[in-house]
Amino acid sequence: MNRHVSALALSDDSSSPLFHYVLRLADINLILGQRLGETIGHAPALEEELGFANIALDLMGQARLLLTYAGEIEGKGRDEDDLAFLRDQGSYLNVVLAEQPNGDFAHTIVRQVLIDAWQRATYEQLASCSDKRLADIAAKALKETEYHLRYSSNWLVRLGDGTTESHERAQRALDTLWMYTGELFESDDLDRQMASAGVAPDLARIRERWDSDVNSVLQAATLARPADVVFSWHGKRGDHSEHLGRILVEMQYMQRTYPGAKW
Amino acid sequence: MTPVAHSGSDVEQRIWEVLRCVSDPEIPIISVVDLGIVRGVSIDAQGHVQVMLTPTYSGCPATEVIRDSVSQALCVAGFTDVEVVDVLAPAWTSDWLSSEGRSKLLEYGIAPPAERVSSPRTLLRGNPVIHCPLCKSSDTGKVSEFGSTPCKALYRCNSCLEPFDYFKCH
């Protein structure tokens with residue numbers, strides 16, 4: 001059922017490939033930012049709560065810039081708020097890693113490292129792509145992402161090379177989340193189309209950079225890198241896990257109850 | 001409110017003067033000009049003013065407040081036809097903080113950025129020495145990468161034991 005709906009969401013949509021590509025970049029920020037927002041009031045220490053809140057703020061800022069651009073590309077009058085709050089599940093194009101639950105602190109940190117490293121490698125390439133607006137947004141986002149990666153990787157090292165319990169929790173988080181990383185590097189028609197337009201980076205290159213960064217963190221953290229798994233969930237084509245629906249219910253509740261409401 | 005007559009660069013100087021009085025809402029001691037947020041100012045023959053701002057962080061919640069403050073301040077000064085434009089590139093960097101801005105930060109109790117952005121970065125690099133803005137000791141430690149605003153980190157002085165904000169090098 002989910003698969004059928006999502007296939008329609010993309011193939012029926014006459015919007016440009018660039019629109020969908022920008023949504024993929026925007027949605028990973030929007031959904032991960034929303035997940036980090038859930039940690040407020042529940043983080044283990046005030047400083048880490050501030051950390052997650054500030055990272056979420058950066059991600060939301062990047063999402064806003066990207067969603068605004070996507071709306072302009074689409075040209076149907078949808079702005080950042082319409083795209084953030086009024087799309088249905090099958091129209092969100094984030095990778096499923098971003099929508100995975102927060103779990104314990106180790107789980108949140110591992111998810112963050114995996115995505116931060118991917119965003120850093122991606123923004124680095126996008127900062128010199130052929131689409132000026134995207135390049136400008138990426139150049140800005142890259143600086144912020146370096147802070148995110150520094151924060152999350154330093155924490156993963158402390159957890160991995162920490163107590164017996166923190167090491168076990170970090171390894172468990174890694175083992176659980178690893179299978180979702182494959183999607184970050186799977187090239188599909190849209191990726192190839194955008195790559196030949198000089199917009200999207202070559203995913204093999206992203207993979208190399210990501211592997212290098214993640215391997216050095218895992219080594220410093222004394223954590224074992226899990227084996228790669230073939231996994232066929234495609235959030236970037238609107239095929240989501242059971243988690244996204246619940247995230248959207250909370251995120252979209254106000255706009256759907258009071259359409260057009262503004263602060 | 002009498003609309004201000006336009007006559008070239010005198011008017012532009014006047015606009016810059018007005019902008020020097022628009023303070024950052026979170027750090028009221030410094031102006032948007034000190035922060036390096038104002039990229040440029042122009043006024044055309046019809047008196048249409050354009051102010052180009054570069055946001056600091058993508059998600060900075062002060063961005064909209066600053067935009068409104070700029071329009072308001074110019075309106076009060078007699079410029080009624082003002083357009084504030086966001087310029088994303090080149091990306092804002094803390095290197096654009098004026099030296100006046102840096103000393104005002106220090107006076108206010110916030111440690112200014114310790115390095116230039118062009119310093120090399122590695123993934124797990126160590127931290128530069130930050131001096132306590134209060135007692136000037138170099139015996140300080142980072143409490144958190146993120147402080148009260150996205151642009152600041154939280155530090156603590158091990159000498160006088162006071163906490164302080166550090167304006168991050170970005």
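**Ground rules.** I am working with a predicted model, where local features need pLDDT of at least 70, side-chain atom pairs count only at pLDDT 80 or more, and totals for chains, interfaces and linings use all residues. Residues are numbered from 1 along each chain as its sequence is written, chains are lettered from A and ligands numbered from 1 in the order in which they are written, and side-chain values use heavy atoms, with hydrogens and water left out.

**Chain A, overall.** I looked up the secondary structure of chain A and got 10 helices and 0 strands (helices are DSSP runs of H or I with at least four residues, strands runs of E with at least two, numbered from the N terminus). The radius of gyration of chain A, 18 Å, is close to the 18 Å that the globule rule gives for 263 residues, so chain A is as compact as a globular protein of that length. For that I took the radius over C-alpha atoms, and the rule as 2.2 Å times the number of residues to the power 0.38. The C-alpha trace of chain A spans about 55 × 40 × 35 Å along its principal axes. I noted that 56% of the 263 residues of chain A count as buried (buried is under 20% relative accessible area, exposed over 50%, partly exposed in between, with a 1.4 Å probe and protein chains only).

**Ile40(A).** I found this residue in the loop between helix H2 (17–37) and helix H3 (46–74) of chain A. Ile40(A) counts as partly exposed, at 39% relative accessibility. Leaving aside residues up to four places away in sequence, Ile40(A) touches Glu49(A) and Ala53(A) (contact means heavy atoms within 4.5 Å). I also checked Asp82(A), which is 42 residues from Ile40(A) in sequence and 25 Å away in space, C-alpha to C-alpha.

**Interface of chains A and B.** How many residues of chain B are in contact with chain A? I got 28, against 29 residues of chain A. The two chains bury about 2500 Å² between them, 59% of it on carbon and sulfur atoms (this is the accessible area, with a 1.4 Å probe, that two parts lose on being put together, summed over both). The rule finds 2 salt bridges across the interface (a side-chain nitrogen of Lys or Arg within 4 Å of a carboxyl oxygen of Asp or Glu). One of the salt bridges joins Glu64(B) and Arg64(A), with the closest N and O atoms 3.0 Å apart. Strand E5 (residues 140–144) of chain B gives the most to the side of chain B that touches chain A, with 3 residues.
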